[in-house]
Structures are given as structure tokens and as C-alpha cells.
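Here are some notes for a colleague who is opening this structure for the first time.

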Amino acid sequence: MVIKVFLATASGSTAIKKKQQDVVGFLETLKVEYTPLDIACNEDNRMWMRQNVPEDMKPSNGIPLPPQIFNEESYCGDYETFFNAKEDNSVYAFLGLPPPPGSKREEVPVGERNGDTHAKEGEEGETAEEGETAAEEAAEETEDSKARIEEDEEAEEEADEDKDEDSQPMSEEEEDLQSEEEEELRQLEDEDEAEAPEEEEDE
């Protein structure tokens with residue numbers, strides 16, 4: 001099973017870039033093998049992603065944004081559902097992968113809970129605890145990163161609003177006032193030009 005993460009390497013959105021980094025960074029922390037697929041430079045990847053994201057998971061405009069996560073051909077989710085899975089400590093289930101050996105979510109058959117098995121369980125338990133600690137640390141970093149992403153999205157929205165306000169056409173009153181100011185400025189320039197020759201004649 002191959003985990004596919006659809007990304008946009010040339011995205012101009014800071015929020016999208018941070019979301020992509022969060023997903024990729026968390027998968028690397030858990031040592032989950034994945035294949036990054038760029039939709040910015042590969043039209044086939046873009047079309048495949050759009051066609052295979054379920055309709056009920058697409059935004060209102062019908063165009064899903066990266067990152068989008070798949071297990072082979074099966075859709076796993078987007079950034080929000082991935083983040084929720086981390087909060088619930090259910091990332092492996094989200095990805096459709098079996099939990100690592102020794103994981104708390106993996107039950108050991110009763111028949112194996114004796115003899116040398118206990119020693120192995122102890123070793124696996126330590127490994128699982130290390131993995132879970134790393135996952136918890138990565139989750140905390142992701143929470144902080146998500147807060148920064150939300151701040152960046154708000155800043156981008158405010159910047160767009162400011163651009164819209166600056167681009168609004170002037171009212172008739174503003175145009176009249178600007179015309180009067182330009183007319184007064186032209187009159188002053190004409191007066192200065194008329195006074196200049198008189199001063200030269202006096203000399």
C-alpha cells in the first residue's frame with residue numbers, strides 16, 4: 001500500500017504551503033512511507049486528484065485544494081481530516097495502515113502473553129512509546145502550525161479586502177473635488193508664467 005500526498009510545489013498561498021509541510025513532516029516523523037505528487041507541474045496528477053476526491057469532500061466551488069491524501073486509489077482525506085485524526089491518535093486508521101508493532105491500539109493474542117513473549121512485548125512497548133512520544137510532539141507542533149496557518153489566512157483575507165477598497169472607483173463628489181484642485185493648480189501655474197516676463201522687463 002502506497003500513501004499518496006498531492007501537493008502544489010508552486011502554490012502562492014502561504015497557508016497551503018504550511019498545511020503541506022505539516023502533513024509531510026508528520027508522516028516523516030511517524031516514518032510512514034509516502035509518494036509526493038505535484039499538481040502544479042503535472043496536469044495528470046491535478047486531474048486525477050480532482051476526479052477522485054469524493055463530491056461531499058469538495059468545497060463549494062468544486063475544486064479541492066492540496067494537500068489531499070490517498071492510500072493507493074482510496075481517498076483518505078484533506079488537511080482538516082488529517083489534523084482531526086492526529087488529535088484522536090488515529091492517524092494509522094485514517095491512512096488505512098496497520099498500527100506499528102507494540103502500539104496501544106494493537107491487541108496481543110492471549111496465547112502469546114507468556115514466557116519470552118513478555119520480553120518482546122517490553123521491547124516493542126518501549127519502541128511504541130518512543131513512536132507515540134514523537135507523534136505527540138509532532139501533533140503539538142502541528143497545533144501551533146495550524147494556529148499560524150489560520151492567522152496567515154486571516155491576514156491574506158484582510159489584504160484582499162484592502163486591495164478591493166483601494167480599487168473602488170471614486171464617487172462623483174471626489175471626482176469634482178479633484179477636478180477643482182487641478183483647475184486651481186493650473187491657474188497658479190498660469191499666473192506664475194505671466195509674472196515671469198514682467199519681472200524680466202523691469203530689469
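1. In this predicted model, strand S1 (residues 3-7) is joined to strand S2 (residues 34-38) by five bridges, and the two strands run parallel. Within that pairing, Val5 has Pro36 of S2 as its bridge partner.

2. Phe6 has Gln68 as its bridge partner in S3.

3. Is S1 buried or exposed? Five of its five residues are buried, so the strand is largely enclosed by the rest of the structure. In a regular strand, side chains alternate between the two faces of the sheet. In S1, Ile3, Val5 and Leu7 point one way while Lys4 and Phe6 point the other way, and all of these residues are buried.

4. Turning to the rings, the model contains seven aromatic pairs. One of them is formed by Phe6 and Trp48, which are stacked, with 5.5 Å from centre to centre and 10° between the planes. This pair links distant parts of the chain, since Phe6 belongs to strand S1 and Trp48 to helix H2 (residues 43-52), 42 residues apart. Phe6 counts as buried because its relative accessibility is 1%, which falls under the 20% cut-off, whereas Trp48, at 24% relative accessibility, counts as partly exposed.

5. A further pair is made by Phe82 and Phe94, whose ring centres are 5.6 Å apart and whose planes stand at 65°, so the pair is edge-to-face. Because Phe82 lies in helix H3 (residues 79-87) and Phe94 in helix H4 (residues 91-95), the pair ties together parts that are 12 residues apart in sequence. Phe82 counts as buried at 0% relative accessibility, and Phe94 counts as buried at 15%.

6. Which residues do ring pairs link into a cluster with Phe6? The cluster consists of Phe6, Trp48, Phe70 and Tyr75.

How values were computed. Residues numbered from 1 in each chain as written. Predicted model: local features only at pLDDT ≥ 70, side-chain atom pairs only at ≥ 80, totals over all residues. Heavy atoms only, no water. Buried < 20%, exposed > 50% of the residue type's maximum accessible area, 1.4 Å probe, protein only. Helix = DSSP H or I, 4+ residues; strand = E, 2+ residues; numbered from the N terminus. Pairing = 2+ DSSP bridges. Phe/Tyr/Trp six-rings, centres within 6.5 Å; stacked < 30°, edge-to-face > 60°.
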